[in-house]
Amino acid sequence: MKKINLLSLILLAFAFASCNDDFLEKLPKTDLTEDNAFTSYDNFKSFLWPCYAIFNDGTIGTSLASWGESGQYRSDMDAGYLESKYTSGFNRFAFQTVSSVASGNGWNFSNYVRRTNIMLSHLGNSSMTAAEKNHWRAVAYFFHSYWYIELVSRFGDVPWVNKVLKENDEEAYGPRIDRKIVADSIMQRLKWAEENIGNFKAKDGANTIDRDCILALISRFGLREGTWRKYHDMGEYEGYLQESVRASEILMKEYPTLYQGTDGQPASGYGEMWTTDDLSKVPGIILYKQYVPDLAQHNMCEIERTSSHYVEMNKNTVNLFLMKNGKPISNVSSGYHGDQTMYEEFRDRDPRLYHNVLPPYKVAAGTGPEGYRTWHFTSNPADREYIDIMGKNESCSNPGVGMKRLPDQNWGANLVPEIPRLGTGSFVSCRSGYYFWKNTDNWEHNFNNGALNVSDKPIFKIEEVLLNEAEAKYELGSFDQNVADLTINKLRDRAGVAKMIVADINETFDPNRGRWYPKDNTEGKLVDPILWEIRRERIVELMGEGFGFYDVRRWRMAPWFLNRPTLGIHVTKAKAQASGLTLYNPQTGQSDGKNGSLKEGYIFLFNNPITEGKGWLEKYYLYQIPTTEIVLNPELKQNPGWE
């Protein structure tokens with residue numbers, strides 16, 4: 001049985017304290033305060049414990065604060081990769097329903113910024129050694145930088161607060177600082193932290209902030225800020241990309257092996273990254289959140305087996321997944337089987353698709369009192385194609401055995417006899433037909449009125465670093481076959497997808513590749529063919545992990561992902577109507593309606609927002625500064641378009 005580590009205890013304690021006001025108001029007099037907290041090594045460690053809650057902060061796209069529509073999937077929903085299954089679940093940016101905010105919106109300098117600054121202000125008075133002081137300065141710099149990366153990504157120019165502010169300090173009511181100055185300050189702090197953090201695992205505990213975590217954050221931030229500056233015409237981007245490459249290559253040497261999985265399924269190492277009991281044993285994991293029975297539990301698996309799971313994929317995103325031969329479906333030599341049925345559409349595709357979207361199948365339910373938990377194959381051999389690929393769920397017992405198995409079941413082990421399961425009312429159903437099940441497995445206990453799941457979840461892992469390296473190298477003009485083999489092809493080898501051959505990628509490799517939109521360019525420009533394949537790999541590998549909205553904004557590709565109709569699987573009109581759905585009419589760009597002329601076609605989900613006079617707005621690239629903040633501090637200037 002896995003042992004609970006420090007990070008899990010910290011997050012659990014913080015969650016308890018944050019939801020229990022009485023607990024906060026009745027601390028014993030011996031508890032830590034600013035006056036007595038800063039003497040010993042353990043005092044500093046305890047004071048920074050609440051900063052680990054940054055990985056639970058619900059305003060961060062990659063946060064583990066919640067799950068489903070309220071968790072990591074939200075960022076990819078905002079990006080247009082995923083959406084809600086309800087007719088009211090249209091994308092808020094595509095249809096311009098993002099409302100003005102008076103407070104919140106992630107504009108916060110009182111949590112991680114203030115706590116780290118308080119700690120830093122007391123380092124000189126402690127009894128620690130110079131090495132120990134440097135260590136805690138480095139850890140504080142990590143958390144301060146992690147939050148500031150979020151602030152810069154959301155708002156651009158922000159105040160730089162690097163000391164404890166009092167109410168009458170001028171800095172508390174100062175202006176926003178140029179993004180470049182803030183970004184440079186973040187990078188300088190992270191590099192100092194990398195060089196000075198100590199090796200104190202014996203004192204700090206396993207799975208805590210160390211040099212590798214700092215390098216992973218440099219890798220992420222360098223790519224994010226460098227590409228933002230490049231595609232938003234801000235200049236001076238190369239240094240950030242070079243830092244991303246430098247940090248990535250250090251980590252690539254330290255984590256040379258990708259997790260291959262244990263379950264024997266295609267791409268099992270990929271799928272098990274989010275459904276494994278103990279990530280401490282998984283190669284390539286840099287930092288993770290641990291869950292333990294009866295102490296720290298979640299319901300990510302359970303929620304995906306109820307009618308309350310709202311998240312589904314759309315056809316536009318499914319089309320991004322390659323064939324197993326490494327070709328896009330629009331490539332003339334891809335061997336794509338078409339999309340007249342979901343079976344054909346999923347056949348010979350990148351197996352990572354099967355770990356994100358519940359594949360099609362059909363079985364016959366058993367008989368007798370336990371018939372709803374037993375099954376047998378139908379008389380049609382075609383119905384079992386993906387059961388044979390993913391592995392057979394022998395008994396539908398709860399908990400069962402293994403990771404992802406077919407046929408699927410709900411939280412109470414009731415059989416799901418057929419996928420696709422169209423509609424919105426029943427468990428494991430969706431409108432598009434592409435049911436999202438990234439966190440589903442067959443071994444965890446599920447209970448509809450409580451959180452019993454204990455699969456660990458990654459925070460930093462080498463797979464993201466490999467993708468950062470590939471993209472940063474391209475942007476610096478140094479991506480070649482050797483880089484592809486060291487990055488993207490390691491991911492493809494594990495997934496069972498043919499290697500990327502850089503020399504084969506030209507203008508015709510994917511005629512339907514994406515576009516990016518320079519400012520005031522409504523038509524957009526086709527993304528370079530090689531860069532598009534690098535970005536495709538990132539989208540697929542990190543699907544559902546919360547990176548989407550950051551990526552489409554820094555690439556200036558949000559209009560391409562959002563300003564188009566949203567469709568589901570291809571079905572007959574009778575099948576659609578039986579589920580209360582309609583078909584998409586390509587001539588009108590809208591729903592065919594109940595009495596339309598179409599006999600078959602793609603399920604209609606949401607209109608093309610452009611036909612409704614909506615669509616992505618330039619102002620959405622940066623968030624609105626809450627209006628209350630500007631009232632309190634007139635020195636703050638609002639972001640363009642939000643005035």
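**View 1. Ring pairs join Tyr52, Phe55, Phe142, Phe143, Tyr146 and Phe460 into a cluster.** Rings of Phe, Tyr and Trp (its six-membered ring) pair if their centres lie within 6.5 Å. The model is predicted: local features need pLDDT of at least 70, side-chain atom pairs count only at pLDDT 80 or more, and totals for chains, interfaces and linings use all residues. Residues are numbered from 1 along each chain as its sequence is written, and side-chain values use heavy atoms, without hydrogens and water.

**View 2. Phe460 in its surroundings.** Contact means heavy atoms within 4.5 Å. Beyond its neighbours within four places in sequence, Phe460 contacts Phe142, Tyr146, Cys213, Ala216, Leu217, Arg220, Gly284, Ile285, Ile286 and Leu287.

**View 3. An edge-to-face pair, Tyr354 and Tyr386.** The ring centres of Tyr354 and Tyr386 lie 5.6 Å apart, with 70 degrees between the planes. Planes under 30 degrees apart count as stacked, over 60 as edge-to-face and the rest as tilted. Tyr354 belongs to helix H15 (residues 352–356) and Tyr386 to helix H16 (residues 385–390), so the pair ties together parts 32 residues apart in sequence. Helices are DSSP runs (H or I, at least four residues), numbered from the N terminus. Tyr354 is buried at 3% relative accessible area. Tyr386 is buried too, at 0%. Buried means under 20% relative accessible area (1.4 Å probe, protein chains only).

**View 4. Arginine over a ring: Arg384 with Phe377, and Arg556 with Tyr621.** The charged end of Arg384 is 3.9 Å from the ring centre of Phe377. For Arg556 and Tyr621, the distance is 4.6 Å. A charge sits over a ring if NZ of Lys or CZ of Arg is within 6 Å of the ring centre and within 35 degrees of the ring normal.

Technical notes:
Helices (H or I, at least four residues) and strands (E, at least two) are DSSP runs, numbered from the N terminus. Buried means under 20% relative accessible area, exposed over 50%, partly exposed in between (1.4 Å probe, protein chains only).
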